[in-house]
Amino acid sequence: MEAGVECPVQKRQVLFLCICLGMSLAGAEPLRYFVAEETERGAFLTNLAKDLRLGVGELTARGTRIISDQNMQFLLLNSLTGDLFLNEKLDREELCGPREPCVLPFQLLLEKPFQIFRAELWVRDINDHSPIFLDREISLKILESATPGAAFLLESAQDSDVGTNSLSNYTISPNAYFHIKVHDSGEGNIYPELVLNQELDREDIPELSLALTALDGGSPPRSGTALVRITVVDINDNAPEFVQSFYKVQAPENSPVGSMVVSVSARDLDTGSNGEIAYAFFYATERILKTFQLNPTSGNLYLKAQLDYEAIQTYTLTIQAKDGGELSGKCTVVVEVTDVNDNQPELLLSSLTNPIAENSPETVVAVFRIRDRDSGNNGKTVCSIQDDLPFILKPSVESFYTLVTEKPLDRERNTDYNITITVTDLGTPRLKTEYNITVLVSDVNDNAPAFTQSSYTLFVRENNSPALHIGSVSATDRDSGTNAQVIYSLLPPQDTHMPLASLVSINADNGHLFALRSLDYEALQAFEFRVGATDRGSPALSSEALVRVLVLDANDNSPFVLYPLQNGSAPCTELVPRVAEPGYLVTKMVAVDGDSGQNAWLSFQLLKATEPGLFGVWAHNGEVRTARLLSERDAAKHRLLVLVKDNGEPPRSATATLHVLLVDGFSQPYLPLPEAAPAQAQADSLTVYLVVALASVSSLFLFSVLMFVAVRLCRRSRAASVGGCSVPEGPFPGHLVDVSGTGTLSQSYQYEVCLSGGSGTNEFKFLKPIIPNFLPQNTGREVEENPPFQNNLGF
């Protein structure tokens, strides 16, 4: 084996071209390595790392590969050490045929950064083939009239080796009549001629058999032998002669089979059978016999098979013309095959990076080489891709191209790109090749989750069961894979006093919200919190949305009577003068409901009365009024049972007891009813005194307040007195008492308290409602009331 770098280091010239990504390109002079054919597989050739002046391990780090046009892996590179080995036995004759030198070009491709080095493997010939003759026996007829010095062309031997190992000499077995003279054809081939030493005598020696030996120049030399059988014939003194000894024609490679290539012509001055000429190939090779056909009578040369410029550019044929006397003449026909554009360009992909991460800067997607087996303009190519893609093609050396991204890619806009690389030659007609590459765009976490709404409003009815699903939030992420997986969470509330952790929880996977405990509308009508959505990317991105929960009221509170109080030890008694007219306002019941809306709309109903038909209760405002004129026959004490009911579903209710005492006037002292006297007489005297004292103090306080309010009311309404009420100068100014509330009072009522101006008894005038001059507002807890009576009742 023989291996090494032929060019000295000082004669190398390395030219580095910076193209885009700083791709280092190979030098002008390729690296040359030599190996003898038939060298065993695994033979060491060189250390590429040392030849390229690269560090140990740098070939691996830079992604080094060996590529070649032969589509065979005849070299093996150890990228760790940089050693280059022979991967298989090489047969120079199979690889290169007769071509010398036998050069196998290859390229050394470094991807990171992109760099190409050209190299050549020169396969040296060894003497592994002996010369052979196509015919083991060569028949030769020589006229006995042949003069000494006459030369007779013999069949050449074939030797597959080249150079010094090729055919170099011919010898013939010792004899007195002939010797061998070796001629050089000028094209690197030698052929033997048999030269006559002395005249032949057919009667003496009619036939000779000589051994023709072909020797090559190898060491040791190899040889091949053929038997030359010479027949001495009678005189035929004119051999055929060709009109031209040399023919040169051109044939396009797309010439149809059967077309005529050339017509050769020879003439013979003899007559008869000695003048009849037959044309034939003279020791043609197997390839010539498969490609051409010769008409033996006319000398026309036809195509027998399709020509291929890329395989063979020139054919050299020797045509022999024989006459009937076995004399012959020869001519040479050279057929030059001209190229036509019959080969489409080829795209040889060297590397492909797939997928490409989005948002990446300019990235090399693919490295490929363009090849066209035609020549001239037929072999020149242009390369292009679609215009609407974010990719560009950048030419390199040795017909290499790189496909790079023009700008960062966005996976959310395009998940993949179908790139069609179109390669067109410049021949006529133009041929093109299309190569499709699908480039996938991989995702990076560049999109935060987005909620479907910026804020959500959820409704839940109070008294709900714990762990009740009250609603959901939803967020989507335009990324893919784990970058699009969303995790939901509750964000810490801004109000640190709100116990959010005990109110709601969220399912981290699907955003479902659950109420952790039963809610009470009367305690909490609404609350809000923020929900976060975080993806699983790295780094994780998040967003948030506002969730507002409104608690819906349920009818879970019964009405509560504020007036008259129902929990006192002594019942409250309302005084009604017997002179009261129908519709006289006895009192106004006041009730509230802790619920809201229609659940708090209250209505009143008189369930039971001591004397039915005497009193009536207004359903909407709770006013208790007389239904008819009172008489002396009516009982003095009455007990009314009133039902207060809300408008919920189902409705809730409460009852209140009202005591009414009919009197002749407010100055009449209150005396117990006859039926109560025996019980009071039996009571302890101390208890009686305490009760009387308490009643006196309470009456005095109430009397003082009422007098003060009445005086203020009358003074304020002096300019617009209603019903002839006059306020005298005295200690009780007129005053308007504003009685308002939530529950039964749907609007503010003002009652006027006046004193009779001319009376000496200072008796009260009774309450008269004053209707406000504005419409009542519905607050959600109130019902529309019937207009109150407009009459003013008093005595």
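Author: What follows goes through the ring pairs, then the charges over rings, and finally the cysteines. The model is a predicted one, and in it the count of aromatic pairs comes to 12. One of them joins Phe74 and Phe106, whose ring centres are 6.4 Å apart and whose planes meet at 80°, so this pair is edge-to-face. Because Phe74 belongs to the loop between strand E3 (64-68) and strand E4 (75-78), while Phe106 belongs to strand E6 (residues 102-110), the pair ties together parts that are 32 residues apart in sequence. Phe74 is buried at 2% relative accessibility, and Phe106 is buried with a relative accessible area of 2%. The rings of Phe368 and Tyr401, with centres 5.7 Å apart and planes at 10°, form a pair that is stacked, because planes under 30 degrees apart count as such. Phe368 lies in strand E26 (residues 364-371) and Tyr401 in strand E29 (residues 400-405), so here the parts tied together are 33 residues apart in sequence. Phe368 counts as buried at 0% relative accessibility, and Tyr401 is buried too, with a relative accessible area of 15%. Elsewhere, Phe451, Tyr456 and Tyr488 form one aromatic cluster.

As for the charges, Lys330 lies over the face of Phe282 at 4.6 Å from the ring centre, and Arg625 lies over the face of Trp618 at 5.1 Å from the ring centre.

Turning to the cysteines, the structure holds 1 disulfide, which joins Cys96 to Cys102 with an S to S distance of 1.8 Å. This link of Cys96 and Cys102 is right-handed, with 65° about the S-S bond, and both cysteines are buried. Cys331 is buried at a relative accessible area of 1%, and Cys383 counts as buried at 18%.

Notes
Residues are numbered from 1 along each chain as its sequence is written. This is a predicted model: local features need pLDDT of at least 70, side-chain atom pairs count only at pLDDT 80 or more; totals for chains, interfaces and linings use all residues. Side-chain values use heavy atoms; hydrogens and water are left out. A disulfide is a pair of cysteine sulfur atoms within 2.5 Å. Buried means under 20% relative accessible area, exposed over 50%, partly exposed in between (1.4 Å probe, protein chains only). Rings of Phe, Tyr and Trp (its six-membered ring) pair if their centres lie within 6.5 Å; planes under 30 degrees apart count as stacked, over 60 as edge-to-face and the rest as tilted. Helices (H or I, at least four residues) and strands (E, at least two) are DSSP runs, numbered from the N terminus. A charge sits over a ring if NZ of Lys or CZ of Arg is within 6 Å of the ring centre and within 35 degrees of the ring normal.
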